[in-house]
Amino acid sequence: MMYPLAMERANHTVTEFILVGFTTDPVMQLILFVVFLGVYTVTLVGNIMLITLICNDSRLHTPMYFFIGNLSFLDLWYSSVNTPKILVTCISEDKSISFAGCVAQFLFSAGLGYSECYLLAAMAYDRYVAISKPLLYSQAMSIRLCTFLVVASYLGGFINSSIITKRTFALNFCGDNVIDDFFCDLLPLVKLACGRKDGYQTLLYFLLTSNVIIPLVLILASYLFIITTILRIRSTQGRLKAFSTCSSHLISVTLYYGSILYIYCRPRSSYSMDRDKIGSTFYTVVFPMLNPMIYSLRNKDVKEALNKLFK
């Protein structure tokens, strides 16, 4: 299928991109619209509900819930960067996105994605302090330190996002302007660019290391110390109780990093745009919906706060 304005040749300025999405079948597009609308609605309700509970219930005014509340706020923002455009693309014949709109979507999507990597690392450190120093937990994880870690997560994410956005859209897009994806993502955009990309690929590897690999190493280091501390606990019940405080965060880290590493850290020969779409859908659309469930369904304090709110 040939899209309008799909062929922007050399020496012509690309003024817009065409988002292919998942399929060109009208029936499937309508089904996907209903599915994504349902996911987005659950995402909004779940994250807003969790933020409301944390703000209103004094029992949830602890460092752990401070981070969970900020994670919910980030997920609200993250989901809202991409999902509304996906919904429009599913039901509209106009699949285009302006060059400026693509830049903005790429900037915020990358910035929030990087910030989430840093925030999950900060939450791992919080779990380490809670388990290794339970009596000094509130003093060690002061509101000042927690705020610093959250602000540093956003700063680190958006500084790096600004760098990669500037370099990505400085590439020469001299061929097709059709993005084989549902949003302005890194790999499909690089695929459209022509000319030498050696310096760009070096920068890409550096940012991948600093924004994904280093936070993941910090998370693994935190859990190594957590496991060491748990093994020192003599009673089985004490070990299970200590580990249960980390289980939600561990599930969250596994799902989020699993989908990112699947897309960006596999051999180039195994790349598949269809599989990459599924992976990127998971961490940009589905994961923000799952987080409130992960941190509330297994959490006694959140359940009690929810019951109190409805009563």
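## Aromatic ring pairs: worked exercises

The structure holds 15 aromatic pairs, where rings of Phe, Tyr and Trp (its six-membered ring) pair if their centres lie within 6.5 Å. This is a predicted model, in which local features need pLDDT of at least 70 and side-chain atom pairs count only at pLDDT 80 or more, while totals for chains, interfaces and linings use all residues. Residues are numbered from 1 along each chain as its sequence is written, and side-chain values use heavy atoms, with hydrogens and water left out.

**Exercise 1.** Classify the pair of F106 and F169.

*Solution.*
- Step 1: Planes under 30 degrees apart count as stacked, over 60 as edge-to-face and the rest as tilted.
- Step 2: The ring centres of F106 and F169 are 5.5 Å apart and the planes stand at 85 degrees, so the pair is edge-to-face.
- Step 3: F106 belongs to helix α3 (residues 99-132) and F169 to the loop between α5 (143-168) and β3 (178-179), so the pair ties together parts 63 residues apart in sequence. Helices (H or I, at least four residues) and strands (E, at least two) are DSSP runs, numbered from the N terminus.

**Exercise 2.** Determine whether F106 is buried or exposed, and do likewise for F169.

*Solution.*
- Step 1: Buried means under 20% relative accessible area, exposed over 50%, and partly exposed in between (1.4 Å probe, protein chains only).
- Step 2: F106, at 5%, counts as buried; F169, at 12%, is buried.

**Exercise 3.** Classify the pair of Y128 and F225.

*Solution.*
- Step 1: The centres are 5.7 Å apart and the planes at 50 degrees, so the pair is tilted.
- Step 2: Y128 lies in helix α3 and F225 in helix α7 (residues 198-231).
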